[in-house]
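Hello,

Here is the structure we talked about passing on.

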Amino acid sequence: LGTPRDNMQTTPFWWEEAPRQQIPEEALPSSVDVAIVGSGYTGISAALTLSRAGRSVLVLESGDIGHGASTRNGGQVGADYKTVLDRFKVNQDSGKQQAAHAQRWACFDYLTHLIEAEGIDCQFERVGRFVGAYKPAHYDSLARDLDAAKASLGVEGHAVSRGEVHHELGTERYFGGIVLPRDASLHPGLLHQGMLERALEGDTRLAPRTTVRGVEISGSGFTVSTNRGSVAARQVLIATNGYTGAATPGLRRGVIPVGSYMIATDEVDPAAMARIMPKGRVNSDSRKVVFYYRPSHDRRRVLIGGRVASGDVNERLSARRLHAVLADIFPDLADVGVSHAWMGFVAYTFDHKAHLGVHDGLHYAMGYCGGGVHQATYFGHCAAQKILGVPDGETGIAESALPTRPYYWGTPWFVPLAVIRYKITDRWGI
């Protein structure tokens, strides 16, 4: 196992350039038009749309503003066509298949437009994605799924044989792969910071370190109870995703929080970086337990993330394990140290898609299944449009209710079992 350095930071690498702002706690307003619970991409995107429409908005956050997965993720952006193909089998439910894929690209296109229109400097680059075939049989599966997606969904991409992998990555680990040229990378902390700054230009107020304890119907609106007092709100948006808690038990039963871990390496020799990641793409592979990695914007470090254990572990252990995965892919990095290690919670759903709707009178948007950078930004905007009564808030595919399962109350007891099963499949399966 690789060894992280003694002074390794256990806060996200992204926070070096976009540190969490220490916003003072002010007295809560007695009433607002909209109370938003959660200050990630969903909540801040919604606040931006609502405040520009003239609504007063209060964003409530149990920690510092933006302390969750929105500023902790890998900064990889793209539409997951494989999930669409799996949910709506090829040549079956073709209308739903196309609608689901269109929704994913609507998310991506909205994010791209927002960054450009607002002039948000978040290091956005359309670098493309390489997906490596972890085993020989995986290459045929990747190529076959890509062909199906190109034919039925209009996906752009091409297969890469094993002999051509070195054009994409300096590794012998993969048995070929595919390239998806439309995918992109960005700095997740700077994206959040840029949206937050613009939301604050309108009538948006922030309530950091304010834990919501409950939401009750009161007259024609709601009373939001917190550890710092109560607020009356005409409407409420729950935007907590992987951090959904006991205050909204009905929604908590519909999302599965999963810890995802990341590291950033020390600076890599420029010649080695040019050799291992010559095109600067975002990358992943065909394992069931997915690992994702990319170079930093300045091409000086490598960032890698994924699930490193069946249960949750501390940052030092996760750093060693992620470093070992990285060194397995790129032996040249075996002696490169780890400067940062951190984790955050993403939210999966039982039907593997994000959801947008109303539950017990509360608006919500969540369940991004690991693709939250673009989906959360778009869904926050759509949720705000629904609150405003704007027809454009309809996505056409995400409005169904969050499904749940018997005996599930928000604690994902089955995740360790699933991870163990996937690890066995990755090691011994075909």
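**Salt bridges**

Arg52, Glu118, Glu197, Arg198 and Glu201 are joined in a network of salt bridges. Please keep in mind that this is a predicted model.

Side chains of opposite charge can pair when their charged atoms come close. Across the whole structure, the search finds 16 salt bridges.

Glu118 and Arg198 form a salt bridge, with their closest N and O atoms 3.8 Å apart. This pair links distant parts of the chain. Glu118 sits in helix α3 (residues 94-118), and Arg198 sits in helix α5 (residues 188-199). The two are 80 residues apart. Buried or exposed, what is Arg198? Arg198 has a relative accessible area of 14%, so it counts as buried. Glu118 has 21%, so it counts as partly exposed.

Next is Arg228 with Glu25. Their side chains meet in a salt bridge at 3.6 Å, N to O. Arg228 lies in the loop between β10 (221-226) and β11 (229-238), and Glu25 lies in the segment before β1, so the pair ties together parts that are 203 residues apart in sequence. Arg228 is partly exposed, at 27% relative accessible area. Glu25 is partly exposed too, at 42% relative accessibility.

Asp328 has a relative accessible area of 38%, so it is partly exposed.

**Surface patches**

Which residues gather in a patch of negative charge on the surface? They are Glu17, Asp121, Glu267 and Asp298. Glu17 belongs to the segment before β1 (31-37). Its relative accessibility is 49%, so Glu17 counts as partly exposed.

There is a nonpolar patch on the surface as well, formed by Ile420, Ile424 and Trp428. Together these residues have about 360 Å² of accessible area. Trp428 is placed in helix α10. At 66% relative accessibility, Trp428 counts as exposed.

Ser45 is in helix α1 (residues 41-52). Its relative accessible area is 1%, so Ser45 is buried. What is Ser45 in contact with, leaving aside its neighbours within four places in sequence? The contacts are Tyr110, Met195, Thr377, Gly380 and His381.

Ser70 is in a loop, the one between β2 (57-60) and β3 (76-77). Ser70 is buried, with a relative accessible area of 12%. Leaving aside neighbours within four places in sequence, Ser70 is in contact with Gly40, Tyr41, Pro188 and His192.

**Backbone angles**

Most residues other than glycine have a negative phi. Two residues here are worth a look.

Gln123 is not a glycine, yet has a positive phi of about 60°. Gln123 is found in the loop between α3 and β4 (129-132). Its relative accessibility is 15%, so Gln123 counts as buried.

Tyr407 is not a glycine either, and has a positive phi of about 70°. Tyr407 lies in the loop between α9 and α10. Is Tyr407 buried or exposed? Tyr407 counts as exposed, at 68% relative accessibility.

**The loop between α9 and α10**

Pro391 is found in the loop between α9 (372-388) and α10 (415-428). At 65% relative accessibility, Pro391 counts as exposed.

Best wishes

Notes:
Residues are numbered from 1 along each chain as its sequence is written. Side-chain values use heavy atoms; hydrogens and water are left out. Patches are made of residues with over 30% relative accessible area and no salt bridge: like charges are joined within 9 Å, nonpolar side chains (Val, Leu, Ile, Met, Phe, Trp, Tyr) within 5 Å. Accessible areas come from the Shrake-Rupley method with a 1.4 Å probe; for residues, only the protein chains shown count as cover. A salt bridge is a side-chain nitrogen of Lys or Arg within 4 Å of a carboxyl oxygen of Asp or Glu. Lys and Arg count as positive and Asp and Glu as negative; His and the chain ends are not counted. The place of a charge is taken as NZ of Lys, CZ of Arg, CG of Asp or CD of Glu. Helices (H or I, at least four residues) and strands (E, at least two) are DSSP runs, numbered from the N terminus. Buried means under 20% relative accessible area, exposed over 50%, partly exposed in between (1.4 Å probe, protein chains only). Contact means heavy atoms within 4.5 Å.
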